[in-house]
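Subject: Structure handover

Hello,

Here is the structure for you to look over. My notes follow below it.

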Amino acid sequence: FVTNFFLSVFCKIMYTKVITLFALVASASAFAPAAPFGTRVANRAGTKLFIEYGKYDEETWDNDAKKDVYAAWDPNAPRSTMNFNPFETYKGNSPDASGIYPGEDFYKDPIRGDVNFAQMQAEQAEIKERLANPKPGDVPGAPGCKN
């Protein structure tokens, strides 16, 4: 009788230890470092998460950079982080270097260059010229426009 009792207690202790070990191993992924932001990661549903940031991401987002992005912009192609109008406003906001507006997912505050009054006056003249001569296809509702 005593042998069966000790054997029963030993089995219960080992069972508890095995269950504890399985629980520890299963939860170890909670302490693993996260994948870097923007990399492809498969989640439980099997979907992919990936965002391609714009050409001037992590670079100075000044008027010259905006003019370069505007020159490459095709209003007839679908809007993306590489194809957007950097001068277009949405709800009173300007986009970041990837065409993402404040409040949207993946928005990154751009690195802005220094500007003085003379530069602002020159930019104002460029704005008037751009508004007077829009790109062909730059109409509200075009695939490359937010509005």
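Of the chain's 147 residues, 22% count as buried. Buried here means under 20% relative accessible area, exposed means over 50%, and partly exposed lies in between (1.4 Å probe, protein chains only). This is a predicted model: local features need pLDDT of at least 70, side-chain atom pairs count only at pLDDT 80 or more, and totals for chains, interfaces and linings use all residues. Residues are numbered from 1 along each chain as its sequence is written, and side-chain values use heavy atoms, with hydrogens and water left out.

Confidence

Mean pLDDT for the chain is 84, and 83% of its residues reach 70 or more. Residues 44-48 have a pLDDT below 50. Beyond near neighbours in sequence, that stretch has three contacts in the model. The score is the predictor's confidence in each residue, from 0 to 100. A contact is heavy atoms within 4.5 Å. Where pLDDT is low, the predicted coordinates should not be read in detail.

Overall layout

The chain has three helices and zero strands. Its pattern along the sequence is α-α-α. Helices (H or I, at least four residues) and strands (E, at least two) are DSSP runs, numbered from the N terminus. Take the contacts between residues at least 6 apart in sequence: 53% of them join residues at least 24 apart.

Surface

Areas come from the Shrake-Rupley method with a 1.4 Å probe; for residues, only the protein chains shown count as cover.

Phe5, Phe6, Val9 and Ile13 make a nonpolar surface patch of about 380 Å². Patches are made of residues with over 30% relative accessible area and no salt bridge; like charges are joined within 9 Å, nonpolar side chains (Val, Leu, Ile, Met, Phe, Trp, Tyr) within 5 Å. Phenylalanine 5 sits in helix α1 (residues 2-27). Its relative accessible area is 47%, so phenylalanine 5 is partly exposed.

Salt bridges

The count is seven. The rule: a side-chain nitrogen of Lys or Arg within 4 Å of a carboxyl oxygen of Asp or Glu.

Lysine 55 and aspartate 68 form one of them, at 2.6 Å, N to O. Lysine 55 is in the loop between α1 and α2 (63-72) and aspartate 68 is in helix α2, so the pair ties together parts 13 residues apart in sequence. Lysine 55 is exposed at 52% relative accessibility, while aspartate 68 is partly exposed at 29%.

Asp57, Glu58 and Lys108 are linked in a network of salt bridges. Lysine 108 pairs with aspartate 57, with the closest N and O atoms 3.1 Å apart. Lysine 108 lies in the loop between α2 and α3 (117-132) and aspartate 57 in the loop between α1 and α2, so parts 51 residues apart in sequence are tied together. Lysine 108 also meets glutamate 58, at 2.7 Å, N to O. Glutamate 58 is in the loop between α1 and α2 too, so this pair ties together parts that are 50 residues apart in sequence. Lysine 108 is partly exposed at 24% relative accessibility, and glutamate 58 is exposed at 57%.

Cysteines

The structure holds zero disulfides (a pair of cysteine sulfur atoms within 2.5 Å). Cysteine 11 is partly exposed, at 43% relative accessible area. Cysteine 145 is buried, at 12%.

Best wishes
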